[in-house]
Amino acid sequence: MRFHTTTVLSLSVLAILALIGCSTGNADSSAPSSSTTVLAHPDGERAPASAPLSSAALAKWLLDENDLGEGYTRTPQRAAQHDDATVIGCPALEKLGSEAAIGGSFDFPHKAKASFTYASGSDSEVAEELYSDAEDKLSRSVGRIFDAMTLCPTYQVLTGSTSVTVTTQKVTVARLGDERWSQLLTFSAGGRSSIVKQTAVRTGTVVVVVSGSPGLVDTHVAKAVDKAQRTK
């Protein structure tokens with residue numbers, strides 16, 4: 001088995017299956033998740049919410065090779081996987097339903113995605129996703145999924161004949177944006193394992209998700225959030 005640590009990552013168990021796709025298949029420092037900062041006017045009233053951005057508008061604010069620096073190559077997006085999957089040992093994830101367990105995307109109408117490989121090889125990868133919707137919907141949906149994924153420190157995902165052990169660890173993340181979530185995911189199967197970091201930051205009506213090799217996520221998440229904030 002070969003682990004794909006970058007692909008189109010989604011903030012759900014779908015992301016898990018994308019990350020662990022087999023080669024024979026188709027193609028840090030503040031309180032962790034759910035930490036919220038409300039942006040308000042000087043008089044104490046909350047600032048008016050911005051309108052969600054279209055997918056085309058979001059695509060213009062994704063990180064590119066110029067933002068990342070030398071040694072990064074953009075990789076094509078893989079086709080979505082639709083294999084049957086079962087989550088065992090995590091009731092919180094099981095409640096999200098079968099669709100959340102087999103690898104789709106967030107139920108947000110506006111999104112854009114890009115992934116990159118660093119020069120050092122396939123284990124040095126980073127991917128970015130941008131989503132846009134009403135602020136309260138972004139907050140509820142992202143928080144619900146991150147909370148479900150980290151409530152169970154260890155669980156199993158069965159896809160086809162493959163059993164993958166997943167361990168999760170909630171981690172701290174720099175104080176960026178209005179809300180932020182971060183976790184380390186370790187996938188183990190067939191005597192091999194892969195560690196992926198996934199950090200999400202909400203800034204207004206945009207959620208920035210950076211996933212991949214932990215060191216690369218830490219290096220580039222602030223850049224991604226800064227670029228996304230220019231959409232305002």
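Reader: Which residues of α7 are buried?
Author: The buried residues of α7 are L216, V217, H220, V221, A224, V225, K227 and A228. Buried means under 20% relative accessible area, exposed is over 50%, and partly exposed is in between, with a 1.4 Å probe and protein chains only. Helices are DSSP runs of H or I with at least four residues, strands are runs of E with at least two, and both are numbered from the N terminus.

Reader: Before I go on, what am I looking at?
Author: This is a predicted model, where local features need pLDDT of at least 70, side-chain atom pairs count only at pLDDT 80 or more, and totals for chains, interfaces and linings use all residues. Residues are numbered from 1 along each chain as its sequence is written, and side-chain values use heavy atoms, with hydrogens and water left out.

Reader: Back to α7. What do its buried residues pack against?
Author: They pack against α3 (65–68), β2 (72–75), β4 (110–118), β5 (125–132), β9 (192–203) and β10 (206–212). Contact here means heavy atoms within 4.5 Å.

Reader: Where does α7 bend?
Author: At H220, by about 40°. The bend is the angle between axes fitted to the seven residues ending there and the seven starting there.

Reader: And how does the span of α7 compare with what it should be?
Author: Its 16 residues, 214–229, should span 22 Å at 1.5 Å a residue, and the end C-alpha atoms are 23 Å apart, which agrees. The expected span is 1.5 Å times one less than the number of residues.

Reader: Now the core. Which residues touch the most other members of the largest nonpolar core?
Author: L130, V206, V208 and V210, out of 22 residues in that core. β4, β5, β10 and α7 each supply at least two residues of this core. The largest share, six residues, comes from α7. A nonpolar core is a set of buried Ala, Val, Leu, Ile, Met, Phe, Trp, Tyr and Cys residues joined through side-chain atoms within 4.5 Å.

Reader: What does L130 touch?
Author: Not counting residues up to four places away in sequence, L130 touches L58, W61, L62, H110, K111, A112, V206, V207, V208 and A228. There is also a second, separate core of 15 residues, which includes V87, M149, L185 and V196.

Reader: Switching topic. How many disulfides are there?
Author: One. It joins C90 to C152, S to S 2.2 Å; a disulfide is a pair of cysteine sulfur atoms within 2.5 Å. The link is right-handed, with 85° about the S-S bond.

Reader: Which parts does that pair tie together?
Author: C90 lies in the loop between β3 (85–88) and α4 (91–94), and C152 in the loop between α6 (135–151) and β6 (154–159), so the pair ties together parts that are 62 residues apart in sequence.

Reader: Are those cysteines buried or exposed?
Author: C90 is buried, at 0% relative accessible area. C152 is buried too, at 9%.

Reader: Aromatics next. How many pairs?
Author: Three. In one of them, Y72 and Y118 are tilted, 4.5 Å centre to centre with 40° between the planes. Rings of Phe, Tyr and Trp (its six-membered ring) pair if their centres lie within 6.5 Å; planes under 30 degrees apart count as stacked, over 60 as edge-to-face and the rest as tilted.

Reader: Where do those two tyrosines sit?
Author: Y72 is in strand β2 and Y118 in strand β4, 46 residues apart. Y72 is buried, at 11%, while Y118 is partly exposed, at 30%.

Reader: Last one. What is P52 in contact with?
Author: Leaving aside neighbours within four places in sequence, P52 is in contact with H110, S132, D133, A134 and T205. P52 lies in the loop between β1 (35–36) and α2 (55–59) and is partly exposed, at 39%.
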